[in-house]
Amino acid sequence: MKKLDNKVALVTGAGSGLGKAISLLFAAEGARLVASDINETSLAALKEEVSGNGGTITTVVANMAKAEDIENMISLAVKEYGTLDIVVNNAGIMDNFSPVAEVDDQVWQRLMDVNLTGPFKAMRASLKIMLAKQSGVIVNIASIGGLQGARAGAAYTASKHALIGLTKNTGYMYAKSGIRCNAIAPGAMETNIGSTIDYSKVTPLINERIMTGLSLNPRSSNPSEVASVALFLASDDASFINGTTVVADGGWTAF
């Protein structure tokens, strides 16, 4: 029996990078997949790959900064498969490594909308389904930037710290309702999240205080390595793991 047989799993940011790796692994392990992403072309490619491997997948274009898109993707899961068992809040964007004095309101708001408010709304909507049946799993993709102070800029760091706090609160509050909520804190990964960084905004202070620490990273992970952690947390193998954050950074934060 596969680890996610008969489970309905929603993965956000599924079109590329870690989200794609999680989607492919979950589908291979028997999950009926709802994959959302802002990029329709990437979703189409994912659907073709999952279907070609014999998996079951429904795709939906969704912007995690839009409440109506979030409600739609949750509703679609129930419409297509009758329920929702697993939610992986993976979609996220980076800032420009900017410290507080250099962050403009637009960057701050967008980071919070996508990295924090979007996952919060997805969790709130999915919990209504999970509480009704007294079971469910939520996996939030945080970052070591949610545990450390200088792995990203102020906006990204704040958004991921808050997501980890939200994870802890949710895991604790609903533990007696058969629901688990955990986070993963990856280090650097070989994904396209760097495309959301405007390197022209990197100032001398950022080079002095942050970039020197980045050089200590042992290596970047392949997304499949972190996807395996997500599978573990989503499966019954992690039945007693709740309200915590699993670090997957190759030992970077051990320094």
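1. Does phenylalanine 97 count as buried or exposed? The model under discussion is a predicted one. Phenylalanine 97 has a relative accessibility of 5%; because buried means under 20% relative accessible area, phenylalanine 97 counts as buried. Its place is the loop between strand 4 (86-89) and helix 4.

2. Glutamine 134 may be considered next. Although glutamine 134 is not a glycine, its phi is positive, at about 60°. Glutamine 134 lies in the loop between helix 4 and strand 5 (136-141). With a relative accessible area of 43%, glutamine 134 is partly exposed.

3. The overall architecture is as follows. The chain contains seven helices and seven strands, and along the sequence they follow the pattern β-α-β-α-β-α-β-α-β-α-β-α-α-β. The chain has a radius of gyration of 17 Å, close to the 18 Å that the globule rule gives for 255 residues, so the chain is as compact as a globular protein of that length. The C-alpha trace spans about 55 × 40 × 35 Å along its principal axes.

4. Several totals describe burial and contacts. Of the 255 residues in the chain, 48% are buried. Among contacts between residues at least 6 apart in sequence, 75% join residues at least 24 apart. The accessible surface of the chain is about 11600 Å², and 52% of this surface belongs to carbon and sulfur atoms.

5. In soluble globular proteins, nonpolar side chains tend to be buried together. The largest nonpolar core in this model has 36 residues, of which Leu10, Met64, Met73, Ile74 and Leu84 touch the most other members. Elements that each supply at least two residues of this core include strand 1 (8-11), helix 3 (67-81), helix 4 (105-133) and helix 5 (154-173). Helix 4 gives the most, with eight residues. A second, separate core has 31 residues, among them Leu4, Val88, Val226 and Leu231.

6. Apart from neighbours within four places in sequence, leucine 10 is in contact with Val34, Met73, Ile74, Leu84, Ile86, Val87 and Val88.

7. Which residues of helix 3 are buried? They are Asp69, Ile70, Met73, Ile74, Leu76, Ala77 and Tyr81. Seen down the axis of helix 3, these buried residues fall within an arc of 150°, so they line one face of the helix. Glu68 and Lys79, on the other side of helix 3, are exposed. The cover over the buried residues of helix 3 includes strand 1, strand 2 (32-37), strand 3 (56-61) and helix 4. At 1.5 Å a residue, the 15 residues of helix 3 should span 21 Å, which agrees with the 22 Å between its end C-alpha atoms. Glycine 82 follows helix 3 and has a positive phi, near 90°.

8. The buried residues of helix 2 are Ser42, Leu43, Leu46 and Val50. They cover an arc of only 95° around the axis, which puts them on the same side of helix 2. An α-helix has 3.6 residues a turn, so residues three or four places apart point the same way. The face of helix 2 turned away from its buried side carries the exposed residues Glu40, Thr41, Glu48 and Gly52. Helix 1 (17-28), strand 2 and strand 3 are among the elements that cover the buried residues of helix 2.

Terms used: Residues are numbered from 1 along each chain as its sequence is written. This is a predicted model: local features need pLDDT of at least 70, side-chain atom pairs count only at pLDDT 80 or more; totals for chains, interfaces and linings use all residues. Side-chain values use heavy atoms; hydrogens and water are left out. A nonpolar core is a set of buried Ala, Val, Leu, Ile, Met, Phe, Trp, Tyr and Cys residues joined through side-chain atoms within 4.5 Å. Buried means under 20% relative accessible area, exposed over 50%, partly exposed in between (1.4 Å probe, protein chains only). Helices (H or I, at least four residues) and strands (E, at least two) are DSSP runs, numbered from the N terminus. Contact means heavy atoms within 4.5 Å. The expected span of a helix is 1.5 Å times one less than its number of residues. The arc is that of the directions from the helix axis to the C-beta atoms. The radius of gyration is taken over C-alpha atoms; the globule rule is 2.2 Å times the number of residues to the power 0.38. Accessible areas come from the Shrake-Rupley method with a 1.4 Å probe; for residues, only the protein chains shown count as cover.
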